[in-house]
Amino acid sequence: MTPTLQRIASLRFGSLRLRIAVLYAALFAAVIAVIMIIVGQGIARFGENSATRDLAANARVFDEILDLRARQMRGAADVLSRDFGFREAVATDDRATIASALDSLRDRSRSSAAFVVGYDGSIIGSTGNMLPDSEKLWTPLDDGDERGVIRLGNDMALAAASPIEVPDLVGWLVVTQPLDKVEMDRLVELAAVDLNAEVMRTADMDQIMKSAPLGQVFERNDGDRFLYRISSLPALQDGLEPLLVLRHSLTGSLAEYNGLKWLLALLSVAGLALVIALSWRVARTITAPLRKLDEATRLVGEGRQVEVLVETNDEIGRLAGSFNSMIKAIDEREKRIIHVGLHDGLTSLPNRKLFVEQLAQALARRKEDDRLMVIYVDLDDFKVVNDTLGHPAGDALLRNVANHLQNQLQDATIARLGGDEFAILIDNVGPDESLASIARGVQACFMRSISIDGQQADCSASLGIAVAPGDGADGNTLMKHADLALYRAKREGKSGHHFFEPSLDEQARIRRQMELDLRQAIREGEFELYFQPLYSLSEERLKGFEALIRWQHPQLGQISPLEFIPLAEETGLILPIGEWVVREACHQASMWDDQLSVAVNVSPKQFTSPDLTGKILQAVASSGISPNRLELEITESIFIANVEKTMATLHSLRDLGVKIALDDFGTGYSSLSYLRSFPFDKVKIDRSFVTDLANGGNGHAIIRAITTLADALGMETLAEGVEEFDQLDILRREGCRNVQGFLLSKPMSASMVRQWMAGDAERNFRANAA
Amino acid sequence: MAQKDLAFAPGTLVVAKGSSVAFPNLDRVRHSIYSFSKAARFEIDLYGRDQTRSQSFPVTGSVSLGCKIHDTMRGYIRVVDTPYAGKTDHNGIMSVAGVPNGRATVTLWHPRLRSPGNESSSSVTIAGSLSKKYSVKLK
């Protein structure tokens, strides 16, 4: 790229308007400059040509004038030369007469001088005049020349000759007129243009003029520009070679066109100014809408609502229209995105984020005495619906619930927080209104039967309620407290509601800490298994041990399983804990007598974990014990969720060869159908029945019924929590095969078990029993 | 020498010294005759038709005749004092008889002969008959 082009490329003004105006002006200025140069040259050439033509024409006129003048002189001379008296005077050489006649002629014809050249070479002139060299005149005269230039002294003169005949030629009468400056100037005045005329001898000229073509106009620069025309004049004298030099000032004649040039320049400047003004205006019509669009874009960038006025129907107008529709489209998309971002896709209810915002707004506008309720809702057993009827059914249920809520609680703000959790905001609750009745009303909204795909599902929900300002002034606190209340409500049983209490907060904190500690315990191996003996009444011998977990907390000391197992169950930590328990129990059992079995509790969550069978098999295999020495204790609750799946898992466990006991029999949902549906190896009678025995209740009847039933089904029975001899007696009498309890032994650590057995277990047991 | 049709007729005349020449006017217009020649200087005033004027020429030489009112009229008279003179014919040929032998001067004259006095002279030796050709320049 050449430097010039780089410069042009770098000519990037910040303003498009300036750029357009400057480029247009520059273009027009260039065009005008070219035109001015062409016109200027044209004018100069025209001036030169017309000056040349004028000079040529005037030169011809001048020739004519000179010729005419000579003719006049000749005419005057003729008058005298024909006069007989004069002729006689010449013929008789009467010089005085001749001279007087010549004087008379000179005055009459306004000539400068007159003389007679005799044929014999003599010459007689008018008085007081210089005479030419007659010898030089003789030949031209003799040749019959009648007019021409001669030299008188140092001056050139026009001469006309008239022959004097008496009747033969005896001489010539010559009349002269000076061609000096005064006379030439007088002649020049007759010409149409300003001329300078001079008659010169060739010999007096410089070289340039000598070599100039005769009869043609040529230019010579002597400081100023001059046009010259040189023509030869007839000579009446030998060797004179007179030339007429006409000079015309070209500079002067061109100067006449300067006015025209100035006018053109003025017009150009005016035109340029007009173009600059117009291109500025044109540029503005282009850039003004662009600037508006630029401004509008900036405002849109700042998030403001803008509409550009569509003023024209051209490209710019269309651009403005497109801009407007673009802004509208962006606006709509933005709203949609915001809606998506702030609403739940399934139910179209506000999501957590929007709920938080609305809660904050509601809190901000809450009046002094008014209260505000934040209700967290969790649908009871939604998981069951999902598991049994499928996720589409679950989604339909959620939509149904959401619609119903919106219809029922039109003044409330309802949000879906995720899963089966909803949040409800009820504000403007007056000081006189009953919070409990509002809670019941909300609860009632969930208590209904919903038909999904033709199947009826009973719906209910647990509610946690936090009330501003009492339970917190800000949204976060209120929501956290509502959540805690919900947690409590859930734990207290389903289909209930719970208001937040400050103690919940403390419990939650403890619970969170415990969860952290549990995780550490799993990592650090802070668990230990204790074993409680299981004694067979029928065989009067130790049958095995039930493995019970103990947690030795580094700071808090021993923590009861009652405290941490539910938490582990909720958080899913029960899975790694349970796995460890099975492995450790099998490992300990491998060090015992082959006749002794080990019983391990399997929690519902653990039971439904997909690889339970694999884990059990692994534990048994790695410990090397016979599978039938491992006894898995499960509770009835596993039947609630998915009976078919539960049965499949039970059968696959049975196929491993492990024994399966039904724990806590007689509590909860206790249904005899469970006993029928699966052949448990053992039924563990809940301790509450055993405790009853000592109080003289009808516990022994129930125990008898259970043992009878178990015997009939071929299942063993075991009574838990045997603490007194009376209880043992009754159990023995009622046909219970096995017992477990403090009466026999407390749970012991693994090392104590080994000591205990080494010290004759039978004896120890009997000593205890006795 | 007559004046006829605004011209002298004949235009050139050779006469002996002392001869008188008559100038009859045969034109219908009047003529005058003048001469400023050294050989014969005279003026004859206007005279009319069928009138005659005479003039004697006692001096040898060339005489140029003109008419005052008709500038174009020219007449030439050569006054000689020798019998051996004559005018050539239109072919420029002239013969003179009886010229004695011996040296002689031949003078050629023509009104427009390019030489002083319009004449040129040369010597010849005549022995019997002589034929000689002369060339002259005319104006």
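Modeller: Helices (H or I, at least four residues) and strands (E, at least two) are DSSP runs, numbered from the N terminus. Axes are lines fitted to C-alpha atoms, for helices over the stretch in contact, and angles run from 0 to 180 degrees between N-to-C directions. Two residues are in contact if their C-beta atoms, placed from the backbone, lie within 7 Å.

Colleague: What should I know about the numbering and the source?

Modeller: This is a predicted model, where local features need pLDDT of at least 70, side-chain atom pairs count only at pLDDT 80 or more, and totals for chains, interfaces and linings use all residues. Residues are numbered from 1 along each chain as its sequence is written, while chains are lettered from A and ligands numbered from 1 in the order in which they are written.

Colleague: OK, in what order do the strands of that open sheet in chain A come?

Modeller: The 5 strands go S11-S12-S10-S15-S16, with mixed pairing. Two strands pair if DSSP finds at least two bridges between them. Strand S11 (413-418) and strand S16 (497-499) of chain A are at the edges with a single partner strand each, so one side of each has no neighbour in the sheet. On average, neighbouring strands of this sheet are turned by 20° against each other, direction ignored.

Colleague: And how many bridges pair S10 with S15 in chain A?

Modeller: 8 bridges, in the antiparallel sense, between strand S10 (residues 371-379) and strand S15 (residues 461-468) of chain A.

Colleague: Which strands of chain A form a hairpin?

Modeller: S13(A) and S14(A), with 2 residues between them. Strand S13 (residues 448-452) and strand S14 (residues 455-459) of chain A run antiparallel and are joined by 5 bridges. A:Ile450 has A:Ala457 in S14(A) as its bridge partner, and A:Asp453 in the turn has a positive phi of about 50°.

Colleague: Switching to helices: at what angle do H16 and H17 of chain A pack?

Modeller: About 80°, with the axes of helix H16 (residues 502-524) and helix H17 (residues 561-571) of chain A 10 Å apart. That makes H16(A) roughly perpendicular to H17(A) (angles under 35 degrees count as roughly parallel, over 145 as roughly antiparallel, 65 to 115 as roughly perpendicular and the rest as oblique). A:Met514 and A:Leu518 of H16(A) are among the residues making the contact, as are A:Phe564 and A:Leu567 of H17(A).

Colleague: Now chain B. How many helices and strands does it have?

Modeller: Chain B has 0 helices and 11 strands. Of its 139 residues, 20% count as buried (20 or more other C-beta atoms within 10 Å of its own, with C-beta atoms placed from the backbone).

Colleague: How many residues of chain A are in contact with chain B?

Modeller: 9 residues of chain A, against 7 residues of chain B. Helix H3 (residues 84-91) of chain A gives the most to chain A's side, with 3 residues.

Colleague: Last one: which element of chain A has the lowest mean pLDDT?

Modeller: Helix H28 (residues 761-769) of chain A, at 52. pLDDT is the predictor's confidence in each residue, from 0 to 100. Where it is low, the predicted coordinates should not be read in detail. Chain A has a mean pLDDT of 85, and chain B averages 90. The model scores ipTM 0.84 and pTM 0.47.

Technical notes
A residue is buried if 20 or more other C-beta atoms lie within 10 Å of its own, exposed if 12 or fewer, and partly exposed in between; C-beta atoms are placed from the backbone.
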